[in-house]
Amino acid sequence: MEPQRQSDSGDPCAEFLTFSLGDEIYGVDILKVQEIRGYDTVTRLPNAPDFIKGVINLRGTIVPVVDMRLKFQLGRVDYNEFTVMIILNIARRVVGMVVDGVSDVMQLTPEQIRPAPDFSGAVNTRFITGIGAIDDRMLILVDIEKLMSASDMALMDSSTQALQ
């Protein structure tokens, strides 16, 4: 992962928006984030996979919404006042992802980012770009473009085009 910016001390760093799913903290490149919203009602799509909650109309743009708990196979949870929708720009598409909560923006230097563990194919880790280590905390860094695989994106595109 290439450093994209400089920290306050002038060291190269990357910035990540951190969000929680259960007890784990994840990070996504802040440059992919368009906005953060409270969870709002979505319009369900027939025959969509469980992890696609539906679509919202975001100022005239139909945006597919993905439940990250279901995408990561972490099980369902009731949405509450802390449930957040992160709107992302991914490969010229706008996608919303529902997470348990948003923490803050963290800067990581290249020395703080460790390679993703290799489970020899037992666990699909292709969307994990690394593990951020900050003091005694671990941050799972997600490549959101890889996570939304081509087939997922094609499905979302066809679903949203049908509504426009």
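Tutor: The protein chain has an accessible surface of about 9,100 Å², 47% of which belongs to carbon and sulfur atoms (Shrake-Rupley method, 1.4 Å probe). This is a predicted model, in which local features need pLDDT of at least 70 and side-chain atom pairs count only at pLDDT 80 or more, whereas totals for chains, interfaces and linings use all residues. Residues are numbered from 1 along each chain as its sequence is written, and side-chain values use heavy atoms, with hydrogens and water left out.

Among 3 helices and 12 strands in the protein chain (DSSP runs of at least four residues for helices and at least two for strands, numbered from the N terminus), five strands form an open sheet with mixed pairing, in the order E4-E7-E8-E6-E5. Strands pair if DSSP finds at least two bridges between them. E4 (33–38) and E5 (52–58) are the edge strands; each has a single partner strand, so one side of each lacks a neighbour in the sheet. Neighbouring strands are turned by 30° on average, direction ignored, with axes fitted to C-alpha atoms.

E7 in turn pairs antiparallel with E8 over 7 bridges, and Ile-90 stands opposite Arg-93 of E8. The hairpin of E7 and E8 has 2 residues between the strands, and Ala-91 takes a positive phi near 45° there.

E8 (residues 93–99) is mostly covered, 5 of its 7 residues being buried (under 20% relative accessible area, 1.4 Å probe, protein chains only). E8 also pairs in the parallel sense with E6 (residues 61–67), over 3 bridges; Val-65 has Gly-96 of E8 as its bridge partner.

How values were computed
Axes fitted to C-alpha atoms, helices over the stretch in contact; angles between N-to-C directions. Buried < 20%, exposed > 50% of the residue type's maximum accessible area, 1.4 Å probe, protein only.
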